[in-house]
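Please open the structure in a viewer and keep the selection tool at hand.

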Amino acid sequence: HERNNGKNSAHLSSELFIDFISKGVLSGVLTIVTFMPQIVLLFLCLNFLEDVGYLSRVALLFDGVFKKLGLTGRSAFSLIMGFGCTTTAIMTTRNLDSEGLKKRTALLLPFMSCSAKLPIYAVICSAFFKKYKALMVFLVYMLGIGLMLLVSLIMKGRAKPKEDTFMLELPKYRLPNTKKVVLNAMKSAGDFFVRVGGILLLSSIVVFVLYNFSFKLTYVKYTADKSILESIASGLRYLFIPLGFGSAGAVIAILSGLVAKEMVVSSLSIINSVVASGLAESLLVASSPVHFTYASAVSFVVFVLLYPPCISAFFSMRREVGTAVAVKSFFLQMGLAYVMSLFIYAILYFAENSFWWVSVLLCFALAIAVTIVVKCSKRKKEYTLETYRINCSNCKEKCHGNNSL
């Protein structure tokens with residue numbers, strides 16, 4: 001009996017070690033590796049545009065609109081980068097002029113839907129909106145942009161009035177130096193790997209421990225005990241019941257997404273015991289551990305769109321603009337995600353045709369965004385002291401000695 005117990009313990013230890021290496025360490029490394037191609041591509045495009053001379057012109061083109069939002073043209077590039085990777089976009093804010101501008105831009109970046117969220121949208125929209133999945137994904141992106149514009153206007157109203165001087169030298173267009181572009185991109189990508197890679201690897205190991213060990217520190221694979229992550233999700237799931245996705249599996253996917261958004265799809269696949277290609281169909285089956293209705297699927301997508309991007313983005317924001325701004329951004333995103341998901345689910349729950357209600361809601365958000373942009377684009381003529389002097393010198397009427405202007 002003791003000999004059998006020894007063999008079982010040795011077998012369990014070896015299997016635990018293999019799972020730790022394959023699912024904990026190697027999974028974290030693969031997460032970092034999947035990040036790197038798009039990060040390198042982003043830095044290559046950035047350095048290419050900068051070396052050609054177009055990057056400065058992008059900032060100049062957007063300056064008129066962005067000033068109305070309390071930003072400057074320099075913020076435009078960081079916001080565009082946010083569609084690729086939020087962490088990288090936050091790193092680009094270090095080139096902005098003032099500390100206040102850096103903080104405002106960093107707070108708005110999580111609204112720009114990064115590329116890691118696209119697989120989540122694709123899976124859910126493919127399951128519930130097969131004919132209109134491209135349109136639905138587009139409207140989700142527009143919802144994020146519309147809320148970003150709204151929040152930026154609110155922040156501008158709360159900020160102290162200040163006249164920002166935007167001075168920029170426009171270099172001539174020229175052919176890029178390929179060697180310089182590649183070397184600068186590799187250097188920036190290496191800096192990203194050093195800053196973020198360790199955090200992602202550590203986070204992946206922590207998730208493995210939480211997912212495979214109980215509070216009694218026993219390996220749950222061969223026991224009936226719940227893992228630490230399952231126990232936490234079981235307690236938190238009641239908060240998500242009003243949003244339509246109150247199952248423990250959906251909450252586990254949400255919590256995993258705080259480490260990296262790529263883990264949401266993989267977590268859903270593991271929980272539903274299907275491969276990635278069959279995940280969309282499994283979400284429609286009521287017997288699956290994680291399944292959605294039309295209303296809860298849209299609510300889940302909106303929550304994923306708005307809640308904090310990932311832990312690497314949090315630490316990057318903390319490094320660039322401080323802990324207070326990073327914590328403020330976290331609670332802003334989490335609160336707004338909860339309120340918007342609750343609002344949309346409450347409407348869709350009573351709707352007969354979910355697709356058209358979703359389209360109306362998202363088109364309404366898009367209309368608000370377009371209205372804000374058009375309103376901010378209208379340039380009002382600004383009268384300066386020099387303008388009044390010129391007008392007075394050209395005026396034929398006498399001002400009776402009152403030249404206070």
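**A guided tour of the helices**

The crossing of H13 and H15 is right-handed, a term used when the near helix is turned clockwise from the far one by less than a right angle, whereas anticlockwise counts as left-handed. This is a predicted model, in which local features need pLDDT of at least 70 and side-chain atom pairs count only at pLDDT 80 or more, while totals for chains, interfaces and linings use all residues. Residues are numbered from 1 along each chain as its sequence is written, and side-chain values use heavy atoms, with hydrogens and water left out.

**First stop: H13 and H15**

Select residues 294-306, which form helix H13, and residues 323-349, which form helix H15. Helices here are DSSP runs (H or I, at least four residues), as are strands (E, at least two), and both are numbered from the N terminus. The axes of H13 and H15 lie 8 Å apart, and the two helices pack at an angle of about 165 degrees. That angle makes H13 roughly antiparallel to H15. Axes are lines fitted to C-alpha atoms, for helices over the stretch in contact, and angles run from 0 to 180 degrees between N-to-C directions. Angles under 35 degrees count as roughly parallel, over 145 as roughly antiparallel, 65 to 115 as roughly perpendicular and the rest as oblique.

Next, show the side chains where the pair meets. On the H13 side, the residues in contact (heavy atoms within 4.5 Å) include Val298, Val302 and Phe303. Their counterparts in H15 include Leu336, Met340 and Ile344. By class, the contact of H13 with H15 has 14 nonpolar, 4 polar and no charged residues. Ala, Val, Leu, Ile, Met, Phe, Trp, Tyr, Cys and Pro count as nonpolar, Asp, Glu, Lys and Arg as charged, and the others, Gly among them, as polar.

**Second stop: H9 and H10**

Move to helix H9 (residues 228-240) and helix H10 (residues 248-257), whose axes come within 8 Å and cross at roughly 105 degrees. The contact of H9 with H10 has 9 nonpolar, 2 polar and 2 charged residues.

How many of the 10 residues of H10 are buried? The number is 8, so H10 is largely enclosed by the rest of the structure. Buried means under 20% relative accessible area, exposed over 50%, and partly exposed in between (1.4 Å probe, protein chains only). The buried residues of H10 include Gly249, Ala253 and Gly257.

**Third stop: three single residues**

Select Thr86 in helix H4 (residues 86-92). Thr86 is buried, with a relative accessible area of 4%. Leaving out residues up to four places away in sequence, Thr86 touches Leu109, Pro110, Met112, Cys114, Pro309 and Ala313. Thr86 and Ala313 are 227 residues apart along the chain, yet their C-alpha atoms are separated by 6.1 Å.

Go on to Thr105 in helix H5 (residues 99-108). At 0% relative accessibility, Thr105 counts as buried. Apart from neighbours within four places in sequence, Thr105 is in contact with Leu71, Ser75, Ser78, Leu79, Thr93 and Leu96.

Then select Arg319 in helix H14 (residues 311-321). Is Arg319 buried or partly exposed? Arg319 counts as partly exposed, at 39% relative accessibility. From C-alpha to C-alpha, Arg319 and Met91 are 8.9 Å apart in space and 228 residues apart in sequence.

**Last stop: the whole protein**

Finally, display everything. The protein has 17 helices and 0 strands. Of its 405 residues, 45% count as buried.
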